[in-house]
Amino acid sequence: MSELCIGVTGGRGFIGQHLCDALRQHGVRYEVFEGSFSDNSSLDSFVARCRVIIHLAGRNRDRGDVLMSQNTLFAQSLANAMARVGNRFVIFASSQYVTRYPNSDYSNGKKAAESIFLQLAGSQGCDACVMRLPNIYGPGGLPFYNSIVA
């Protein structure tokens, strides 16, 4: 692969849309993962095309058990694909929520995902960076959810 391609999971979400707009404005080649995290073939193919992956996909509205299991599943599936393909770097967007409400199901799912990516670091030529983002709001946010209105 001669040109770096950045992979984005959750590219249609609140942060992902803004990230993709910025990448496009700066002429950076990127690809948004549109498949299912349970489809190893499409996930492996996506990972193979992208040297760097920014993992934004996740659930943040649902029953607690769903939040925990789905966020953990997304991370584990992506980490497994990265290990199979090798030589990849992931940036995981976690949340400061995990420090404020450490025992919630959402926080437990995010912390599990952080752990999965940090355990991946150093194996199969892969590396990881975990960012706990604070105060997410701005243009395009849903009212009373992740916008300045809230």
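Let's start with strand β1, residues 6-9, which pairs with β2 in the parallel sense over four bridges. Two strands count as a pair if DSSP finds at least two bridges between them. If you want one spot to look at, find V8, whose bridge partner in β2 is V32.

A quick word on what you're seeing: this is a predicted model, so local features need pLDDT of at least 70 and side-chain atom pairs count only at pLDDT 80 or more, while totals for chains, interfaces and linings use all residues. Residues are numbered from 1 along each chain as its sequence is written, and side-chain values use heavy atoms, with hydrogens and water left out.

Now, which order do the strands of the sheet follow? In this open sheet of five strands it is β2-β1-β3-β4-β5, with parallel pairing. At the edges stand β2 (30-33) and β5 (127-133); each has a single partner strand, so one side of each is left without a neighbour in the sheet. Neighbouring strands here are turned by 20 degrees against each other on average, direction ignored.

Along the sequence, the protein chain reads β-α-β-α-β-α-β-α-α-β, giving five helices and five strands. These are DSSP runs, numbered from the N terminus: helices are H or I with at least four residues, strands are E with at least two.

Helix α2, residues 40-49, lies across β1, β2 and β3 (52-55), and runs at about 165 degrees to β2. Helix α5, residues 105-120, lies across β3, β4 (89-95) and β5, at about 160 degrees to β4. For these angles, axes are lines fitted to C-alpha atoms, for helices over the stretch in contact, and the values run from 0 to 180 degrees between N-to-C directions.

Next, please find V85 in helix α3, residues 64-85. What does V85 touch, leaving out residues up to four places away in sequence? The answer is D44, V47 and A48, where contact means heavy atoms within 4.5 Å. V85 and V47 are 38 residues apart in sequence, and their C-alpha atoms are 7.0 Å apart in space. With 31% relative accessibility, V85 counts as partly exposed. Buried means under 20% relative accessible area, exposed over 50%, and partly exposed in between, using a 1.4 Å probe and protein chains only.

Finally, the whole chain. Of its 150 residues, 39% count as buried. Among contacts with a separation of 6 or more, 66% come from residues 24 or more positions apart.
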